[in-house]
Each structure stands twice: as C-alpha cells, then as structure tokens.
Amino acid sequence: MHSSAQNKNILVLTENFPPMSNGSGRWFWELYSRLPDRDVLIVANDDKTVDTAAFDRTALLNIKRIPLASPEWGIKSMVGLKFYVKSIVALRKLIKSHNIKEIHCGRVIHEGVIAWLLSLITDISFCCYVHGEDVEAASTSREHNLMVKRVCSRAEFLICNSHNSASIVKRLNYCDESKVHVLHPGVDTQRFTPSPRDVQFRDRMGWSNKFVILTVGRLQKRKGQHKMIEAMPLLLKEHPQALYVILGSGECENELLELTRSLGMTDNVQMLADVSDNDMIICYQQCDLFILPNRTIGNDIEGFGMVLVEAQSCAKPVVAGNSGGTRETMVVGDSGEIIDCKDPTLIALFLSNLLKNPDKLKEMGGYGRRHVVNTLDWSAHVKNAISIFESKNKVK
C-alpha cells in the first residue's frame with residue numbers, strides 16, 4: 001500500500017470476537033475500538049451459543065455477524081469448499097457496500113484463506129495476525145501447510161503476537177521476512193488495576209483465609225490446568241491454605257472435574273465458568289498468585305499469554321510454563337517466573353518455595369504493574385499498531 005491507512009476502510013475478519021471469551025478476540029476488540037480516524041467494520045462469527053446481539057447493540061464498533069465456524073478448513077473437502085464459497089459471497093457484498101479497501105484477518109487459517117481467495121478475484125489487499133499455535137498446527141497437514149504458504153505469500157504483511165510466533169513463521173519459510181512484524185497484545189491498565197483486599201468478595205467466593213492461585217483461560221490441554229490440579233496434593237502438604245481457582249470453559253471441563261474428584265481435591269480446587277468480565281477482573285485483583293501452567297502439546301503452543309499481562313497489570317506475581325511466547329509477557333525473575341510445567345512435582349516444589357517468601361511475591365507484583373504500564377498499555381500498543389499499518393516497507 002502506498003496511501004496512509006487513515007484513508008482506508010478496514011474490514012476485520014475474525015471468528016473470535018466478544019462476547020465470546022477468547023484472548024485474541026479481546027485483543028481485536030481493544031485495538032480496533034481505539035484506532036483514531038479510521039472506518040472499521042468488524043465481521044465476526046454469528047455464534048448462536050452466546051447473546052451476540054446484546055453485545056453488538058452496546059458496542060462502539062460497526063459489527064456484522066456471519067457464519068464463520070466450520071468443521072473443516074481444507075479446500076479439498078466439499079464441506080470446506082462450501083464454507084469458503086458462502087463466506088466469499090457474503091463478504092463481497094459487504095466489501096462493496098462499505099467501500100472496503102483492506103481486510104485484517106484474525107488468523108491465517110481460516111480467515112486468511114477467505115481473504116486470499118477474495119484477493120484472487122478482486123483487488124482487495126489483506127494482512128493476517130499470527131498467534132503461533134495456528135501456523136504450527138497447520139504445518140502438520142500438507143494441505144493446510146500449502147494453504148498457509150499461499151496466504152502468507154500474498155498477504156501484504158503479517159502481525160505476529162510474539163517474537164516466538166515470528167520465529168515459527170520464519171522457520172517454516174512462509175514468506176519474506178520483511179513482511180513479518182511483531183505486535184504484543186496489550187492491556188487496559190486503567191481497568192486492570194491493583195486493588196486492596198476485598199474481604200466481602202473473598203468471603204462470597206469461599207476464599208477466606210486461603211492463598212488463592214488463579215488460572216484464567218480456556219480449558220484445554222496446552223493450558224495445563226490438569227497439571228496444576230495434580231500438583232495440589234503435594235503443595236498442600238506444606239501450604240494447607242492453598243486454593244487453586246480456574247476461570248474458564250472448554251473441552252476439558254469434565255476431565256478436569258473428574259481429576260479433581262479422583263484426587264480428593266474438591267475442597268482445594270475451584271472451577272468457575274461463565275464469569276462476567278467485571279468479576280474476572282476482581283478475581284485477578286483478589287488472587288495471591290497467577291499461574292498459566294502451559295506446555296507444548298504436539299504442535300499446539302501458547303503464542304503469547306494475554307492473561308499473564310492482565311494479572312501483572314493487577315500487580316500479581318505470575319508463573320508460566322516454558323513454552324511458546326509466555327516469557328515475552330514478563331520480566332523473568334522480576335515480575336514473573338518461567339518453569340517446566342510438564343511435571344506436577346516440579347510445579348509443586350517451585351510454588352512451595354515461592355509461597356514461603358511473601359516479600360518476594362509482593363515485589364514481583366509491583367514490578368509487574370510497572371512493567372505493564374510502561375510497555376504493554378493499550379495506548380502504546382495502538383501507536384505500534386498504527387506504525388505497522390502505515391509502514392512504507394510492506395511488500396506487495
């Protein structure tokens with residue numbers, strides 16, 4: 001592109017978007033609602049399982065909902081092909097009616113594939129966000145790998161959520177390195193703020209006289225909640241006041257509940273689903289330690305870890321698994337720690353030692369707050385995003 005992004009009407013194409021609880025969706029909402037002097041149209045998934053209409057009515061962005069979920073992303077299958085054809089037909093109408101000049105795709109597959117196919121029959125340009133686990137997973141399928149290469153080679157530029165994600169793109173040789181930009185997700189430091197101890201809230205949650213260790217995120221294997229549950233019996237031997245609280249929903253919910261029961265941890269592990277955004281923030285504020293015990297499962301990795309940033313913004317010490325881009329969320333050793341989360345015994349031993357040093361935990365929380373305010377607040381994030389959008393070094 002040779003003209004400024006300020007003169008363009010942008011269509012953001014993403015399956016993941018609020019009110020769906022998802023880190024990348026929240027990222028897009030926060031970023032594009034803050035872009036100055038730009039006409040933005042969000043095209044998100046018409047998810048029948050949540051009340052999207054209620055959210056859209058109060059949103060500050062122009063949001064259109066179309067079906068953007070499919071059981072198959074490949075073009076060779078009839079299911080996948082029909083999905084792409086329907087998506088292209090719907091989007092061509094929106095592109096024309098809203099005078100769209102550029103598409104920003106939430107992922108390479110499948111949003112990027114839609115934009116790539118559109119670019120073959122129109123003069124529309126597009127860019128793609130890369131989250132790490134998406135391209136790693138695609139590389140295991142010959143068809144998906146070829147699709148990603150086609151998408152990346154035609155995309156104007158790629159926005160990777162971490163240097164780790166960017167290194168994956170470069171390692172897989174998906175496109176010219178000059179197209180690759182890194183943009184760390186941010187946080188609203190005026191909303192995710194430190195707060196004094198709220199006795200009433202803790203009483204209501206059953207957290208009185210407990211040392212609360214919190215995880216926020218989708219219930220899936222790579223997030224590692226089950227490893228932390230398995231670590232609890234050993235941790236409780238030295239710290240009987242420990243309580244592990246899990247916020248989120250997902251495919252592993254029943255498995256985690258059964259694991260909790262089988263280990264006799266029902267009084268020491270608390271699982272909360274369908275928590276409001278406001279209560280989620282209060283949980284961040286009122287917990288004592290935040291952990292994301294993530295690990296690599298096959299090609300599935302944690303690309304960045306926005307929840308770690310949100311916890312630090314609330315002045316909480318953080319611990320994360322040594323996988324993906326989680327270390328880029330923190331100042332390792334000062335605001336947080338990176339450990340091997342494959343072994344529950346190692347998790348328990350590390351946390352046990354950490355819990356013995358409350359002064360260290362307090363220092364880590366304060367350092368994390370300063371780190372996030374100075375480097376990961378949305379105001380700085382938006383400036384970095386605009387710089388990428390308006391870069392003169394984009395490759396056509």
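**Close-up views of helix packing, sheets and an aromatic pair**

**View 1. Helices α9 and α13.** The axes of α9 and α13 come within 8 Å and cross at roughly 45°; axes are lines fitted to C-alpha atoms, for helices over the stretch in contact, with angles from 0 to 180 degrees between N-to-C directions. α9 is thus oblique to α13, where angles under 35 degrees count as roughly parallel, over 145 as roughly antiparallel, 65 to 115 as roughly perpendicular and the rest as oblique. The crossing of α9 past α13 is right-handed, that is, the near helix is turned clockwise from the far one by less than a right angle, anticlockwise being left-handed. Contact (heavy atoms within 4.5 Å) involves Lys227, Met228, Glu230, Ala231, Leu234, Leu235 and Glu238 of α9, together with Pro344, Thr345, Ile347, Ala348, Leu351 and Ser352 of α13. These residues comprise 8 nonpolar, 2 polar and 3 charged; Ala, Val, Leu, Ile, Met, Phe, Trp, Tyr, Cys and Pro count as nonpolar, Asp, Glu, Lys and Arg as charged, and the others, Gly among them, as polar. The model is predicted: local features need pLDDT of at least 70 and side-chain atom pairs pLDDT 80 or more, whereas totals for chains, interfaces and linings use all residues. Residues are numbered from 1 along each chain as its sequence is written, and side-chain values use heavy atoms, without hydrogens and water.

**View 2. Helices α9 and α10.** Helix α9 (residues 225–238) packs against helix α10 (residues 253–262) at about 5°, the axes lying 10 Å apart. The two helices, α9 and α10, are therefore roughly parallel to each other. Gln225, His226, Ile229 and Glu230 of α9 meet Leu256, Leu259 and Thr260 of α10. Helices (H or I, at least four residues) and strands (E, at least two) are DSSP runs, numbered from the N terminus.

**View 3. Helices α12 and α14.** Helix α12 (residues 306–313) and helix α14 (residues 358–375) have axes that come within 7 Å and cross at roughly 110°. This makes α12 roughly perpendicular to α14. The crossing of α12 and α14 is left-handed. Val309, Gln312 and Ser313 of α12 touch Gly365, Gly368, Arg369, His371 and Val372 of α14. By class, the contact of α12 with α14 holds 2 nonpolar, 5 polar and 1 charged residues.

**View 4. The sheet of 6 strands.** This open sheet has the order β10-β9-β8-β11-β12-β13 with parallel pairing; two strands pair if DSSP finds at least two bridges between them. At the edges, β10 (269–272) and β13 (336–339) each have a single partner strand, so one side of each is left without a neighbour in the sheet. From one strand to the next the twist averages 20°. Helix α13 (residues 344–355) packs on the sheet and touches β8 (211–216), β11 (289–292), β12 (318–321) and β13, its direction making about 160° with that of β11.

**View 5. The sheet of 7 strands.** The strands of a second open sheet follow the order β3-β2-β1-β4-β5-β6-β7 and pair in parallel. Its edge strands, β3 (62–66) and β7 (180–182), each pair on one side only. Helix α1 lies across β1, β2 (39–45), β4 and β5, running at about 130° to β5.

**View 6. The aromatic pair Phe17 and Trp29.** The whole structure contains 13 aromatic pairs, counted for rings of Phe, Tyr and Trp (its six-membered ring) with centres within 6.5 Å; planes under 30 degrees apart count as stacked, over 60 as edge-to-face and the rest as tilted. The ring centres of Phe17 and Trp29 are 6.1 Å apart and the planes stand at 75°, so the pair is edge-to-face.
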